[in-house]
Amino acid sequence: MHQDSGPTRPSEPLTTDAVTRIVLRPIASPLPLGFFALGMGSTVLSSLQLGWVPAEQSSILLLLVLIFVVPLQLVSGIFAFLARDAGAGTALLLLGAAWAGTSVTSLDSPPGKPVMAQAVFLLALVPFVLALAGAAAQSKPLFAVLLTLTSVRFAFTGLYEAGLGNALQTAAGWTGLGIGVFALYGGLALLVEDGKQRTVLRSSAAARRASPSRATCANSSPRPSRRPGSATSCDRGCDTGPRRSSRPGGSLGAVVASAVAASKHP
């Protein structure tokens, strides 16, 4: 007499998707916000360094930097870490803290007078920003160029604060205007590409070719549909780590499925 030794199991073959599902919670890229905040802050301070704003009104500009630029930089840096982008998060938070520190100390300093303490701080900051630019050169060339320009601007400002001449302050001001223009272009490139869901500008295309995660997304097989929360969708710019192999037995899900199937037929 046949006895049922356990609960009835489904007769359909167990597939990989039934065993393993990876659901990604998308986070918007914080880089456009970081680009625009950095460009706005650089332009505002350049107007002060180039003498377009009287030195007596420098405290107003510094307060605007503290209220407007610094919070946006910090928010973009935090969300970069949440998006698993350690390089962008480190750079944005470092720049946000640098803006905050120099603005607060400048408020307590005589307007238009070099401050040696700020010179030491800015010149010490330059190699760290350059290191972050070098790390981002292949995966984020736009961001790497922006960080390089920012380090040059910090170097000029630091040398001016060391008392090496007003020409360095003027050079820092014009470099800051260049940072503002480039940040506008870079932020626009990232926003347009995010809206179009494809490469639009040449500088952004270089980043897509250099990024391994984006290359995986571009070379993946087309899906019949793309629904929010889909387990098989590949979001652009999302670093999800190593992808599962499409070959039989080449993924963790396939191994689990094989083990479950084997337990059904001892």
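Analyst: Helices are DSSP runs of H or I with at least four residues, strands are runs of E with at least two, and both are numbered from the N terminus. By that rule, the protein chain here has ten helices and zero strands. Read along the sequence, the pattern is α-α-α-α-α-α-α-α-α-α. This is a predicted model, in which local features need pLDDT of at least 70, side-chain atom pairs count only at pLDDT 80 or more, and totals for chains, interfaces and linings use all residues. Residues are numbered from 1 along each chain as its sequence is written, and side-chain values use heavy atoms, with hydrogens and water left out.

User: What percentage of the residues in the protein chain is buried?

Analyst: Start with the cut-offs. Buried means under 20% relative accessible area, exposed means over 50%, and partly exposed is in between (1.4 Å probe, protein chains only). In this chain of 266 residues, 36% are buried. Now try single residues. Ser 42, in helix 2 (residues 31-49), is buried, with a relative accessible area of 2%. Leu 74, in helix 3, is partly exposed at 33%. Ala 167, in helix 7 (residues 166-196), is exposed at 60%.

User: Which residues is Ser 42 in contact with, leaving aside neighbours within four places in sequence?

Analyst: Contact means heavy atoms within 4.5 Å. With those neighbours set aside, Ser 42 is in contact with Trp 99, Arg 153, Gly 176 and Ile 179. Treat Leu 74 the same way, and its contacts are Leu 93, Gly 96 and Ala 97. You can also read contacts across the whole chain. Take those with a separation of 6 or more: residues 24 or more positions apart account for 69% of them.

User: How far apart in space are Leu 74 and Leu 95?

Analyst: Go from C-alpha to C-alpha. Leu 74 and Leu 95 are 8.6 Å apart in space and 21 residues apart in sequence. Ala 167 and Phe 156 give another pair: eleven residues apart in sequence, 9.2 Å apart in space.

User: How many salt bridges does the structure hold?

Analyst: First, the idea. Side chains of opposite charge can pair when their charged atoms come close. A salt bridge is a side-chain nitrogen of Lys or Arg within 4 Å of a carboxyl oxygen of Asp or Glu. This structure holds one. Asp 85 forms it with Lys 140, and the closest N and O atoms are 3.1 Å apart. Asp 85 lies in the loop between helix 3 (58-82) and helix 4 (86-107), and Lys 140 in the loop between helix 5 (116-135) and helix 6, so the pair ties together parts that are 55 residues apart in sequence. Asp 85 is buried, with a relative accessible area of 19%.

User: What does Arg 153 have as its nearest side chain of opposite charge?

Analyst: For charge, Lys and Arg count as positive, Asp and Glu as negative, while His and the chain ends are not counted. The nearest such side chain is Glu 161, 9.6 Å away. Arg 153 is buried yet has no salt bridge. Find Arg 153 in helix 6 (residues 141-161). Not counting residues up to four places away in sequence, Arg 153 touches Ser 42, Leu 45, Ser 46, Gln 49, Ala 172, Thr 175, Gly 176 and Ile 179.

User: At what angle do the axes of helix 4 and helix 6 cross?

Analyst: Axes are lines fitted to C-alpha atoms, for helices over the stretch in contact, and angles run from 0 to 180 degrees between N-to-C directions. Angles under 35 degrees count as roughly parallel, over 145 as roughly antiparallel, 65 to 115 as roughly perpendicular and the rest as oblique. The axes of helix 4 and helix 6 come within 12 Å and cross at roughly 30°. That makes helix 4 roughly parallel to helix 6. Ala 88, Ala 91, Leu 92 and Leu 95 in helix 4 meet Phe 143, Leu 147, Thr 150 and Phe 154 in helix 6.

User: Is helix 5 roughly parallel or roughly antiparallel to helix 6?

Analyst: Read the angle again. The axes of helix 5 and helix 6 come within 8 Å and cross at roughly 160°. That makes helix 5 roughly antiparallel to helix 6. The contact includes Leu 122 and Val 126 of helix 5, and Ser 151 and Gly 158 of helix 6.

User: Where is Arg 84, and what is its phi?

Analyst: Look in the loop between helix 3 and helix 4. Arg 84 has a positive phi of about 65°, although it is not a glycine. Arg 84 is exposed, with a relative accessible area of 52%.
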